Amino acid sequence: VIPEAGLLDAYLGAMEREPGAAAYVGITKLPVPTTLLQKAMAACNICYFYGVALHQRHPPWGVTANICIPARMNPVSFDRRFPKTGGGEDVDF
């Protein structure tokens, strides 16, 4: 995932518009599928939540690759036992 320029500014703007939100969900753009497996994943819509912020103003869940949790709202942190490559931390949170 490569963050776009202005990502932090977008989150700051969202915080100004919705100051009481517990989380802010961004859009994570996946590359165009090229392999059979990637095309199958796209066809079954398993990657829906990567772009959920395009379709829902208040999504129930967001991809942790692009989510902002204000510390003032959530004094919780990810458990350091989870692998640095990711896996399960979003569910734990």
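**Cysteines, core and helix**

Q: How many disulfides does the structure hold?
A: The structure holds zero disulfides, a disulfide being a pair of cysteine sulfur atoms within 2.5 Å. This is a predicted model, where local features need pLDDT of at least 70, side-chain atom pairs count only at pLDDT 80 or more, and totals for chains, interfaces and linings use all residues. Residues are numbered from 1 along each chain as its sequence is written, and side-chain values use heavy atoms, leaving out hydrogens and water.

Q: Is Cys44 buried or exposed?
A: Exposed, at a relative accessible area of 52%. Buried means under 20% relative accessible area, exposed over 50%, partly exposed in between (1.4 Å probe, protein chains only).

Q: And Cys47?
A: Cys47 counts as partly exposed, with 21% relative accessibility.

Q: New topic. Which residues make up the largest nonpolar core?
A: Five residues: Tyr11, Ala14, Ala21, Tyr24 and Cys68. A nonpolar core is a set of buried Ala, Val, Leu, Ile, Met, Phe, Trp, Tyr and Cys residues joined through side-chain atoms within 4.5 Å.

Q: What does Cys68 touch?
A: Not counting residues up to four places away in sequence, Cys68 touches Tyr11, Met15, Ala23 and Tyr24. Contact means heavy atoms within 4.5 Å.

Q: Now helix α1. Which of its residues are buried?
A: In α1 (residues 7-17), Tyr11, Gly13 and Ala14 are buried. Helices (H or I, at least four residues) and strands (E, at least two) are DSSP runs, numbered from the N terminus.

Q: What covers them?
A: The cover includes β1 (24-25) and β2 (67-68).

Q: What's on the face turned away?
A: That face of α1 carries the exposed residues Leu8, Asp9 and Glu16.
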